[in-house]
Amino acid sequence: MTSPLVETKLFVPRPRRELVDRPRLGERLARGLRGRVTLVSAPAGFGKTTLLSGWLDRNHARRGVAWVSLDESDARPEVFWAYVIAALQRVVPQLGAGVVPLLQGAAPPIETVLATVVNELSVVPHDVDLVLDDYHLVDGAGVQAGMGFLVEHLPPQVHLVISTRADPGLPLARLRARGDLVEVRAADLRFTGDEAAAYLGDVAGLELSAGDVAALAGRTEGWIAALQLAALSMQGRSDVAGFIAGFAGDDRYIVDYLVEEVLGRQSDEVRQFLMRTSVLDRLCGALCDAVTGERGCKGVLEALDRANLFVVPLDDNRQWYRYHHLFADLLRARLLDERPAEVAELHRRASAWYDEHGEAGAAVRHALAAGDVERAAELVELAIRAMRQARQEATIRGWGDALPDAVVQRRPVLAAGLAGAMMAGGDFEGVEERLGDVERLLAAPGAEAMVVADAEGLDRLPGAIAMYRAALALARGDLGATLGNARLAIERAAAGDDLVRSGASGLAGLARWAGGDLDGAHEAYLVCVDGLQRIGYVPDVLGCSITLADIRATQGRLGEARRTYERALRLAESAGGPLPRGAADMHAGLAHLAVERDDLEAAAAHLRRCEELGEHAGLPQHPYRWRVATALLRAAQGATDEALGLLDDAQRVYTGDFSPNVRPIPALRARVLAAAGRAGEAARWADEHRLSDGDELSYLREFEHVTLARVRLAQHADPRPLLERLLDAADAGGRGGTVIEVLALLALARQAAGDADGALEALERALRAAEPEGYARVFTAEGDAMAALLRALGKRHPGWAYPRRLHEAAAPGPAPALAEPLSERELDVLRLLATDLDGPDIARRLSVSLNTLRTHTKNIYAKLGVNSRRAAVRQAAELRLLKR
């Protein structure tokens, strides 16, 4: 070799002055020093060189570093090894000096040269790190043989670091199995959210909101070069948020970088493959074969993966992949620019492949992308029944939004199916018009304009339309029309159409439930569940089980409610495969019942199981149901503020269905406030909802009126007239759960009014009804006053264990002691601070001056360790000072 070596290629690149600290990667590199080889393998722009140079600068004061920055001209073995030896000589002077001349011959004996170098390295007294940067540029057959020899014979004090865009042709699997390989991949190098924020703010000097940073980090998928290029694009822009919202692979800096660093380095065949397959969100060999019309695409994908060509594996078997989002953006843009006539056909081929393989969603998506709306409509129509069975109504609605009305209006089966999906999601706007279009089309002579893909679905339409009209009537609150249309749906149902018969029975059950006929509702729902189970609509069976359990709980039959949930859960678990939607709802329901039994440990276990299953295992209403159940548990544990926060979140994500909203979240929130001694806040709820003690009572607002009675108790007002009326109504309607709760509250109200015998009479009646079903929380949550009543009742019936057991659970342990207890006068002031009275009103109530009241208040704050009235009331509730 006659050409001189370029000495600057042997310098460790100077680390940038402003780097994002990434200790997690430093730890990974440090672990690598204990093995033979560290491999840093990732696509262009992932910060490989920056990572290594910064790490070496910080951590290698006592180690020798031999660095080679490689380029294409170093791919000949004699050139490559000359640079490697020269780099090692900067750490170990004269190393290999005797064999360097051999490299200048016509056929240099590489193995002889390396054997000498390895032998000389083996006696070096200190550690040496050999770093080969941009190794992918020289990784050919000529270099690979010598590298294999070097790796196998590395002395223990020598560590090899390879930085590359593509995995090298070395025995990586063997090194990995022996524990001699530490790998840093693209997934490791991606900026985390915090690292992206640090870069954009501290290094790039941009003032971005947390939301903008998160959006940009997500769009770039942590690709460092993309973040740098985005930061460059944002310099001097006034509408930074708008830029981030539209940031994609067509940004000029991104395009220039990817074209120069990635696409420009590929063969024409690879470039064509990349562009044609860019229409796909996911890639596998068979799918790419179908789309490109070529064979052997599986091997191409594997090669792209090994080459780190912005291909992201989606499974552990390396069967499915996707492109990095920004890379895919660029590829699609170039496809549209270079081969626009091919795009629709590529999407049609993808749609056909997905349809053949039973993936309706992807088949529809590609048909729409191809502009073939008729084919998309046909696919949607054929898929609706299975999608409904899996409770995927949101997907169906999205398809409906993408299809032109003119196409849907000619397809009655499709139009009716879309109407059903809309109503299942609580969207009733336009449903009446769509059903009218279907009926007119069916009534047209000959119906020549009608298009039908699902012939069996056409036979089911008369019954389905009547069922949908029953649902519309229920949404309007017209219970009579609901029942009438439900009967009509059952009469018109086609032979064997259990779906319509079940749906109509369920709607009739809901109408009866809303009217307070709980037994009739339960009976109708049993018919509904039986039919749904026969046709395998397991998620719908689970949804109906929530209603069945709720009805039984309202009737005071907690045991049967629990068994309903448990049977449904067994059905879900026996279905095989992933748990169906609704399984998580069963655990939320069981948690709710466990709180009522005061089994807080069981409730917590069920809620943990909900979290493990995830929201995808829940029905559309699960997000709010889980939050409500968790709030009830937190309130029972004394975490009032957390419970209130959960209820606020539940209201935010609340999604109604056809079930009557008999336990509104705002009323639950008022109950938590009242129980925590925050009667004033609870009373504001009653005012906002225009509730009063003299309201006409109905089942639909019964929960709210019982809540109002609780608020009145918390205000030290007399709710007995309201409770007496509620008791009569619940008793007449067979709502045993409400009867038990109202009797417990009536006992407290009578006790507060000095009617001891009446209080015990009400409590005994409540306990006699509650004991067989295991009720506990309705009594134990009521604090000292209920504990005193339970103790008195236990003395009256010494052989009755139930009140004694509840008394032990209700009687509080010793309250946390204050360093300096409140005086009796201060306790009087504290109790009035918990009301809505202002300072002058409290002073007048206590017959003291305003200055004296301020002195008492100041002392109370000091003793409780608070600095506000609200904090004092909250602290007093936790210390049980308000109930003394």
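Between which two helices is the loop that holds His716 found? His716 sits in the loop between helix H36 (702–714) and helix H37 (720–732), where helices are DSSP runs of H or I with at least four residues, strands are runs of E with at least two, and both are numbered from the N terminus.

1. Basis of the note. This is a predicted model, in which local features need pLDDT of at least 70 and side-chain atom pairs count only at pLDDT 80 or more, while totals for chains, interfaces and linings use all residues. Residues are numbered from 1 along each chain as its sequence is written, and side-chain values use heavy atoms, with hydrogens and water left out.

2. Positive phi values. The phi of His716 is near 65 degrees, a positive value in a residue other than glycine, and His716 counts as exposed because its relative accessibility is 66% (buried means under 20% relative accessible area, exposed over 50%, and partly exposed in between, with a 1.4 Å probe and protein chains only). Ser847 also has a positive phi, near 55 degrees; Ser847 lies in the loop between helix H44 (839–846) and helix H45 (850–864), and is exposed at a relative accessible area of 67%. For context, most residues other than glycine have a negative phi.

3. Aromatic pairs. Searching the whole structure gives five aromatic pairs (rings of Phe, Tyr and Trp, the last by its six-membered ring, pair if their centres lie within 6.5 Å; planes under 30 degrees apart count as stacked, over 60 as edge-to-face and the rest as tilted). One of these is the edge-to-face pair of Phe80 and Trp81, at 4.8 Å centre to centre and with 80 degrees between the planes. Both Phe80 and Trp81 are buried, and ring pairs link Phe80, Trp81 and Tyr135 into a cluster.

4. A pair across the sequence. The ring centres of Trp320 and Trp353 are 6.3 Å apart and their planes are at 70 degrees, so this pair is edge-to-face. Because Trp320 lies in the loop between strand E6 (311–313) and strand E7 (321–323), and Trp353 in helix H17 (residues 343–356), the pair ties together parts that are 33 residues apart in sequence. Trp320 counts as buried at 15% relative accessibility, and Trp353 is buried with a relative accessible area of 9%.

5. Gly576. This glycine, Gly576, is placed in the loop between helix H29 (558–574) and helix H30 (583–596), and is partly exposed, with a relative accessible area of 49%. The C-alpha atoms of Gly576 and Ala670 are separated by 42 Å, the two residues being 94 residues apart along the chain.
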